[in-house]
Every structure is written in structure tokens, then in C-alpha cells.
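Colleague: Can you put the model up? I have some questions about it.

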Amino acid sequence: MFISNWLLILLALAVVAVALLAVRQLGGWMSGNRSCARCGAAARHGYSQKAESAQKDIEPLCVSCLPAQLEQDYSAYQGRVLVVQPVSDLPCYVFRDREHLKWVSPEAQDLDHEIQNLLGRVGQCKDCGHPGHCLWIESRGLDSKTLEVVLKRGLAKTILAWDNPPPISLCGECSAKRISQSLRGEGFSYLEVCSPHGVEEGIVLPMGY
Ligand SMILES: [Zn+2]
Ligand SMILES: [Zn+2]
């Protein structure tokens with residue numbers, strides 16, 4: 001009895017210690033204590049190669065180095081992707097491929113089908129006339145509360161019906177410019193941002209996981 005009580009107390013202490021460490025790490029990140037891995041300025045975002053990377057693979061970047069990286073990624077990208085405008089209310093802004101969307105939930109089958117149809121609308125870049133690779137979708141109405149509805153019901157019945165302008169085709173470079181422009185707004189600090197690479201197809205959207 002005596003020993004098991006001690007074990008319980010030790011266990012409780014361990015849980016408290018882990019929780020405190022997690023809070024401290026999150027606090028340090030959110031308050032901008034980390035510095036940019038490339039230039040040493042205060043880091044604002046985390047950048048990774050693919051969504052849900054391990055913490056050690058997420059590079060802290062500042063408000064200048066992230067846009068530069070995004071421009072490089074999207075300029076090199078040769079596939080087709082839907083890009084939903086960033087919103088500050090969600091912790092991540094990541095590329096999800098169609099395989100992942102099929103796996104998320106049974107309803108996502110429809111979402112994948114819808115994405116496939118929307119990708120068919122990618123044409124010439126509306127901003128510069130170069131061949132397009134992205135379909136830009138504005139995100140009025142999207143936040144941490146409505147994200148689930150969007151994933152469940154698809155874009156046509158949600159974002160695209162929420163008073164947003166019709167989606168437009170953009171080349172990678174012009175997409176990166178619009179993303180960076182949005183990120184200059186109030187309150188943006190993403191824990192993880194990643195871009196599409198190569199010819200993979202899917203959707204870039206603000207989300208949490
Ligand atoms: Zn930097
Ligand atoms: Zn363009």
C-alpha cells in the first residue's frame with residue numbers, strides 16, 4: 001500500500017513535470033524567443049518539408065526568411081494545387097496530398113473528388129499570364145470552428161459559398177506572393193508551414209492537428 005502510494009505520487013510528479021515543460025516550450029515559441037535558423041532575427045513561424053514533421057525537423061524562420069523560402073518552393077513546384085488563403089486562427093498552414101485527404105474520413109472521398117474537379121480549372125496565371133499551377137481560394141468564414149465543416153462538407157457548400165470571390169488560377173510565384181501578403185496581417189504565427197513539392201497534387205490550407 002505504502003509503496004503504491006509513493007508510485008502514484010511519483011507518477012503524478014512526472015506528469016506535472018512533463019506538462020510544465022510542454023507549456024514552457026510552447027510559451028517560448030509563441031513569445032518569439034526562438035531565433036530564425038537562417039538570419040538570427042526573431043522567428044515567427046516554423047517551416048518543414050512535410051506536414052506533421054517531428055519538432056526537430058521544423059525550422060524556425062522569421063517574417064522575411066519564410067516568404068523567401070515559399071517563393072523558392074512555389075516557383076519550383078510543377079504540379080497542381082488548391083491554395084486556400086491563410087487565416088491566423090489556425091496553428092498550421094500545410095500542403096496535404098490527395099492520398100491523405102482520402103484517409104482523413106469517409107466524407108473526404110467527396111472532398112478528394114471535388115479537389116480533382118477544381119484542379120481541372122487551373123489555367124493561365126491571372127496575375128502574370130505564365131502557366132498556372134495553383135487555384136487560389138480566399139478564406140472568408142474559415143477559422144478553427146468552421147474547419148471541420150469544410151473538411152466534412154467540401155469546399156463548394158462552405159468556403160466557396162461564403163461570400164468569397166470565385167477562385168483564380170495563379171502561377172507558383174504569384175501564389176507565394178499572395179500567401180506572403182496575407183501573412184503580413186495581424187496575429188500570424190504558424191507552428192508549421194510546408195509547401196507542395198515536385199508534381200504532387202492536393203490542397204494547401206490552414207489547419208490544426
Ligand atoms: Zn530570418
Ligand atoms: Zn503569375
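Colleague: Where does Leu90 lie?

Modeller: Leu90 is in the loop between β3 and β4. Helices (H or I, at least four residues) and strands (E, at least two) are DSSP runs, numbered from the N terminus. This is a predicted model: local features need pLDDT of at least 70, side-chain atom pairs count only at pLDDT 80 or more, and totals for chains, interfaces and linings use all residues. Residues are numbered from 1 along each chain as its sequence is written, while chains are lettered from A and ligands numbered from 1 in the order in which they are written.

Colleague: Which residues is Leu90 in contact with, leaving aside neighbours within four places in sequence?

Modeller: Ser144, Leu147, Pro206, Met207 and Gly208, leaving those neighbours aside. Two residues are in contact if their C-beta atoms, placed from the backbone, lie within 7 Å.

Colleague: Why is Leu90 partly exposed?

Modeller: Leu90 is partly exposed because 19 other C-beta atoms lie within 10 Å. A residue is buried if 20 or more other C-beta atoms lie within 10 Å of its own, exposed if 12 or fewer, and partly exposed in between, with C-beta atoms placed from the backbone.

Colleague: And Gly154, buried or exposed?

Modeller: Gly154 counts as buried, because it has 20 C-beta neighbours inside 10 Å. Gly154 is found in the loop between α5 and β6, and touches Asp110, Leu111 and Glu114, not counting residues up to four places away in sequence. From Gly154 to Asp110 is 7.1 Å, C-alpha to C-alpha, and they are 44 residues apart in sequence.

Colleague: What is phi of Asp163 near?

Modeller: It is near 70°, a positive value in a residue other than glycine. Asp163 lies in the loop between α5 (147-153) and β6 (168-170). It counts as exposed because it has 9 C-beta neighbours inside 10 Å. Glu52 also has a positive phi, near 60°. Glu52 sits in the loop between β1 (45-47) and β2 (59-61), and its 14 C-beta neighbours inside 10 Å are why it counts as partly exposed.

Colleague: Changing topic. How many helices and strands does the chain have?

Modeller: Six helices and eight strands. From the N terminus on, they run α-β-β-α-β-β-α-α-β-α-β-α-β-β.

Colleague: At what angle do the axes of α2 and α6 cross?

Modeller: Roughly 155°, and the axes of α2 (residues 65-76) and α6 (residues 172-183) come within 7 Å. Axes are lines fitted to C-alpha atoms, for helices over the stretch in contact, and angles run from 0 to 180 degrees between N-to-C directions. The two helices are therefore roughly antiparallel to each other, a term for angles over 145 degrees.

Colleague: Which residues in α2 meet α6?

Modeller: Pro67, Leu70, Glu71, Tyr74 and Ser75. On the α6 side, they meet Gly172, Glu173, Ser175, Ala176, Ile179 and Ser180.

Colleague: How many residues has the largest nonpolar core?

Modeller: It has 45 residues, and those with the most contacts inside it are Leu82, Val83, Val84 and Val204. A nonpolar core is a set of buried Ala, Val, Leu, Ile, Met, Phe, Trp, Tyr and Cys residues joined through C-beta atoms within 7 Å. The elements that each supply at least two residues of this core include α2, α6 and β8 (202-207).

Colleague: What does Val204 touch?

Modeller: Val81, Val83, Val84, Val94, Phe95 and Pro196, not counting residues up to four places away in sequence.

Key. Angles under 35 degrees count as roughly parallel, over 145 as roughly antiparallel, 65 to 115 as roughly perpendicular and the rest as oblique.
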